[in-house]
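Dear colleague,

Please look it over before you set up any calculations.

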Amino acid sequence: GASPVLVELDERAGVAVVRLQQPPVNGLSLALLTELCLALQKLEDRRACRGLVLTSAVPGIFSAGLDITEMFGRSEERLGEFWRAVQQLWILLYGSRLATVAAVNGSSPAGGCLMALSCDYRIMADNPKYKIGLNETRLGIVAPFWFKDALLNTVGHRAAERSLQLGLLYSPQEAFKIGLVDELVPEEKIQARAAEVMAQWLAIPDHARQLSKSALRKQTLDHLLMHREADIQDFVRFISRDAIQKSLQKYMEMLKQKKA
Ligand code: CO8
């Protein structure tokens, strides 16, 4: 079928728009993660590319985060492979040399929120139906330390404490209030606004912007880079526990029932 990662590079502007298109909810499966990492690495290596807009081609959804079915009833080997791909996506996005803008044009829980948090700037469509946040605890799971750090570095300690413990999902207005997103725009203007914001970021000489970004993010990135294997083991051990598997199953059933 069609690729779930649509990449459009405007060479003159030096900006790539990456759109996720994995219906129904852009769930980050191993297949989607692999494609997305490949696309990001290619842009990273492309001299003509200086900026990246990350957005969704699925109406109303930015990304539902990790595909829960990847964490349920899988072998340890497969779980490890999956988690390595999640790490890789974050390392690429959080450490990108490119100026990165998230155009959050729909709901963005958990891993979806992490992708947005990993960009340099977040614009969200001002639709009260959309929610964004790290809601892991509501699934009975725990956001890993690097999810926590990405949130902490964006909203500060107090907001991160409430946000992570309660697994809060914020409306766009609430997300804007705590600084989880940088600005709100009417839904139909979001892509145009992302292009404007990108132009501001690209008006700064790349090397100066990149060194500043790296100075602020290196410690956070290095923490995972230095503990990558242990983090995989932690994930596999935690997610394989009976109680956690049961909790995920209940959550999946709740998602399905909600519709009936
Ligand atoms: N994974 C797999 N399937 C999903 C997911 C998901 N994350 N989200 C939704 N789906 C499925 C639904 O079950 C449903 O399936 P079906 O059609 O077969 O019934 C289909 O997608 C459509 O979903 P909805 O009907 O709910 O669609 P809506 O448009 O009404 O709502 C939402 C969209 C808001 C995205 C809603 O589906 C939702 O809230 N989903 C759950 C999102 C979520 O909680 N994600 C958390 C994933 S965990 C994560 O990302 C980080 C984990 C860190 C690991 C730490 C371990 C130590």
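Which residues line the second largest cavity? They are Leu-40, Glu-44, Leu-52, Leu-92, Leu-93, Ser-96 and Leu-98, where a cavity is a set of points, on a 1 Å grid over the protein atoms alone, at which a 1.4 Å probe fits but cannot get out, and a lining residue has an atom within 4 Å of a point.

Before the rest, a word on the source: this is a predicted model, in which local features need pLDDT of at least 70 and side-chain atom pairs count only at pLDDT 80 or more, while totals for chains, interfaces and linings use all residues. Residues are numbered from 1 along each chain as its sequence is written, and side-chain values use heavy atoms, with hydrogens and water left out.

The second largest cavity has a volume of about 30 Å³, a volume being the space filled by probe spheres set on the points, which are joined across faces, edges and corners. Helix H1 (30-45) and H2 each give two or more residues to its lining; helices here are DSSP runs (H or I, at least four residues), numbered from the N terminus.

The largest cavity holds about 60 Å³, and its lining includes Leu-28, Leu-89, Trp-90 and Met-115. H2 gives the most to that lining, with 4 residues.

Leu-89 and Trp-90 return in the largest nonpolar core, which has 85 residues and in which they are among those with the most contacts; such a core is a set of buried Ala, Val, Leu, Ile, Met, Phe, Trp, Tyr and Cys residues joined through side-chain atoms within 4.5 Å, buried meaning under 20% relative accessible area with a 1.4 Å probe and protein chains only. The largest share of this core, 11 residues, comes from helix H2 (residues 76-94).

Turning to the open spaces, the largest pocket has a volume of about 1,200 Å³, a pocket being an open set with protein on both sides within 12 Å along at least five of seven lines. Of the 44 residues that line the largest pocket, Ala-64, Leu-66, Ile-68, Tyr-251 and Leu-255 are the closest to its centre.

The second largest pocket has about 280 Å³ of space and is lined by 14 residues, with Tyr-94, Asp-120, Lys-213, Leu-216 and Arg-217 nearest its centre. H8 gives the most to this lining, with 5 residues.

With best regards

Note on methods. Buried means under 20% relative accessible area, exposed over 50%, partly exposed in between (1.4 Å probe, protein chains only).
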